[in-house]
Each structure stands twice: as C-alpha cells, then as structure tokens.
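Welcome! Take a moment to turn the model around on your screen, and then let us walk through it together, topic by topic.

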Amino acid sequence: MALLCRSTGLLLKHSKLLPSAFAATRQCSSGGQYQYILVDKKGEKKNVGFIQLNRPKALNALCDGLMLEVGRALDAFEADSEVGAIVVTGSEKAFAAGADIKEMQNRTFQECYGGNFLAHWNRVSTVKKPVIAAVNGFALGGGCEFAMMCDIIYAGEKAQFGQPEILLGTIPGAGGTQRLTRAVGKSLAMEMVLTGDRISAQEAKQSAFELTLAEGSRLEKRLFHATFATEDRKEGMTAFVEKRKAAFQDN
Ligand code: CAA
C-alpha cells in the first residue's frame, strides 16, 4: 500500500470522480442492483471500475450489506476484461467511519468467532487488479483498514486516518494493527491504536514506509473476536449508540 497526499482538487481531478461522474453513477445504480454503493465504469475507454460508498447518513459505516456489495462489485470488475484498475471512494466528509457499530453492538463472541466475522472484507486485498482508495474526510477503524487494503491511497486535504476501536473497548479487526504498522511505522501505529487519536494525510505521508505483511492479521482477527467476550466492548459500543461516554470496568 502506498500513500500519496493530494490537494482535494487534485484528488478529484486525478480520479475523475466529480461532479459529472456522480450523476452518472447514480443513474447506473438506480437499477436497484446495489443499495449501499454506487458503481460505474469511468474514463474514455470505460476501463476504470468505480465504487462509491454511499451511506451518507451513517458516514459510510461499513455494515455487512455494504461490504457484501463491495465484494460483488469487485468480483464483477475482476471478471471484466475491459477494466484495468478500480477506484474506491466515499464522500467529502467520510471515506468510511468504520465497521457499523450499531450492527456490532449486540454481537456475541460465539457469533464473531464461529462466523469468522469480517473475514469477507479480505476480498479487497485479494483483487488482482490495482485498487486505489480515494480518501477524504474520516477513514476510521474499518474505514482506515479498508483504505489500507487497497494498493494505493490518494488522500485529500481533509482526510483523517485513525483506529479508534480502543474507545469502543475493542481492537482493529480487519488488518489495522498489521497494515498500519507497515504504513506509518510501529511507534505512530502504537500511539494511534492505543489512544484512538487521528492523523492527517500529511502526517500519514511523512511517516509512511513499508515493511512486510505476515501472520499477524490472523492473530489480530482472533483477538478482535475475543473482545466480543468482554463487558467493556459491549459497554463501549452501547455508549456510542446512546451518545454518552463509556464507563469501562476493565472486564
Ligand atoms: N457505525 C455506525 N454508525 C455510525 C458510525 C459507525 N462506525 N460512525 C458514525 N455513525 C453514525 C452516527 O451514529 C450518526 O448516526 P445518527 O445520526 O443516527 O445518530 C451518524 O453516523 C453521524 O455521526 P455523528 O453524529 O457521530 O457525526 P460527527 O460528525 O459528530 O462525528 C465521527 C463523526 C467522529 C466519525 C463519529 O461518528 C465517530 O466517532 N464514529 C465512530 C468511529 C469509530 O469508532 N469507528 C470504528 C468502528 S469499530 C471498527 O471499525 C472495527 C474494525 O476494526 C473493523
């Protein structure tokens, strides 16, 4: 994953996303094939697959339905010989504010572990064609992880990256602890994961360097599932939904 900072104008120009593009994608998605994303093919040769996350009221929170649709769209672009590369984007305000906390709030450890919760997200990182994340606004938790699964991140001026799971009593569950370390280095990754603090695109770029990805993701997934066996994870997500500060009890 490479991270490139771009001014908002450049970001949009390079990825040819706005504004006529949005009109086209809405038309394309109006057939009802997708509920949570807009999908189109862009460029003169129609060789750029384009996916826009489209749950504006929830800041593009990555509910199961949305991620299943992303998987379907990626499968379709992968199979389409006309498509050479894929762009995934969100809105000016949010690339994605993370996994859907409301959907996760009442999940149990058994459900997460037994169902291998989030395993299907991995499709983003197994696509053979280059996938580019065009990020502006919030890229938090699963949103940051989604962007990091892509091959290149084009980050706009308003992009903010963060892994705030600790504030919910859980940990990143879609590769965050592993890819973030490789993207910004161990020290800053530790700081971000342990405090939940966000960084700007500029800060991310300054810290960016690459290491190798390993077994860590599998271990991370198991630890993420294990947080669903704790009271604090339930309390953290419930507090978010009830719009109050979490009262963690360390259990
Ligand atoms: N899941 C579900 N809903 C979310 C959400 C999420 N991750 N993020 C935002 N929303 C919803 C809010 O509940 C709110 O909905 P209502 O209007 O129905 O209340 C709406 O989106 C707008 O959000 P806010 O009013 O909070 O907007 P804001 O501008 O004041 O704050 C924000 C924006 C800082 C991103 C804040 O919404 C926030 O902190 N969101 C949660 C971020 C987070 O913790 N992400 C990690 C999730 S866990 C995860 O991703 C695990 C993993 O590794 C896969």
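In what order do the four strands of the open sheet come? The order is β5-β7-β9-β10, with mixed pairing. Please keep in mind that this is a predicted model, in which local features need pLDDT of at least 70, side-chain atom pairs count only at pLDDT 80 or more, and totals for chains, interfaces and linings use all residues. Residues are numbered from 1 along each chain as its sequence is written, and side-chain values use heavy atoms, with hydrogens and water left out.

**The whole protein**

- The protein has twelve helices and ten strands; helices (H or I, at least four residues) and strands (E, at least two) are DSSP runs, numbered from the N terminus.
- Of the 251 residues, 50% are buried; buried means under 20% relative accessible area, exposed means over 50%, and partly exposed lies in between, using a 1.4 Å probe and protein chains only.
- Among contacts (heavy atoms within 4.5 Å) with a separation of 6 or more, 71% are between residues 24 or more positions apart.

**The open sheet**

- β5 (94–96) and β10 (198–200) stand at the edges with a single partner strand each, so one side of each has no neighbour in the sheet.
- From one strand to the next, the twist averages 20°.
- β5 and β7 (residues 138–140) run parallel and are joined by two bridges; strands count as paired if DSSP finds at least two bridges between them.
- Ala 96 has Ala 139 in β7 as its bridge partner.
- Helix α7 (residues 142–149) lies across β5, β7 and β9 (160–162), and runs at about 90° to β7; axes are lines fitted to C-alpha atoms, for helices over the stretch in contact, and angles run from 0 to 180 degrees between N-to-C directions.

- Strand β2 (residues 37–42) has five of its six residues buried, so it is largely enclosed by the rest of the structure.
- Six bridges pair β2 with strand β3 (residues 48–53) in the antiparallel sense.
- Lys 42 stands opposite Val 48 in β3.
- Five residues lie between the two strands of this hairpin, and Gly 43 takes a positive phi near 90°.

**The largest pocket**

- The largest pocket holds about 880 Å³ of space; grid points are joined across faces, edges and corners, and the volume is the space filled by probe spheres set on the points.
- A pocket is found on a 1 Å grid over the protein atoms alone, as an open set of points where a 1.4 Å probe fits, with protein on both sides within 12 Å along at least five of seven lines, and lining residues have an atom within 4 Å of a point.
- Its lining has 38 residues, of which Ala 97, Ala 99, Ile 101, Leu 168 and Phe 240 lie nearest the centre.
- At least two lining residues come from each of α4 (101–104), β7, α7 and α12 (231–241), and α12 gives the most, with five residues.

**Two loop residues**

- Ala 174 is found in the loop between β9 and α8 (176–184), where it is buried, with a relative accessible area of 6%.
- Ala 174 touches residues including Leu 118, Trp 121, Glu 145 and Glu 220.
- Gly 84 lies in the loop between α3 (64–79) and β4 (85–89), and is partly exposed at 44% relative accessible area.
- Gly 84 and Lys 128 are 44 residues apart in sequence and 9.9 Å apart in space, C-alpha to C-alpha.

- Gly 216, Glu 220, Lys 221, Phe 224 and His 225 are the buried residues of helix α11 (residues 216–226), and they pack against α4, α5 (109–114), α7 and α8.
- In the segment after α12 you will find Lys 243, which is exposed at 80% relative accessible area and has a positive phi near 55°.
- Asp 250 is also in the segment after α12; its phi is near 60°, a positive value in a residue other than glycine, and it counts as exposed at 74% relative accessibility.

Definitions and conventions. Lists of a residue's contacts leave out its neighbours within four places in sequence.
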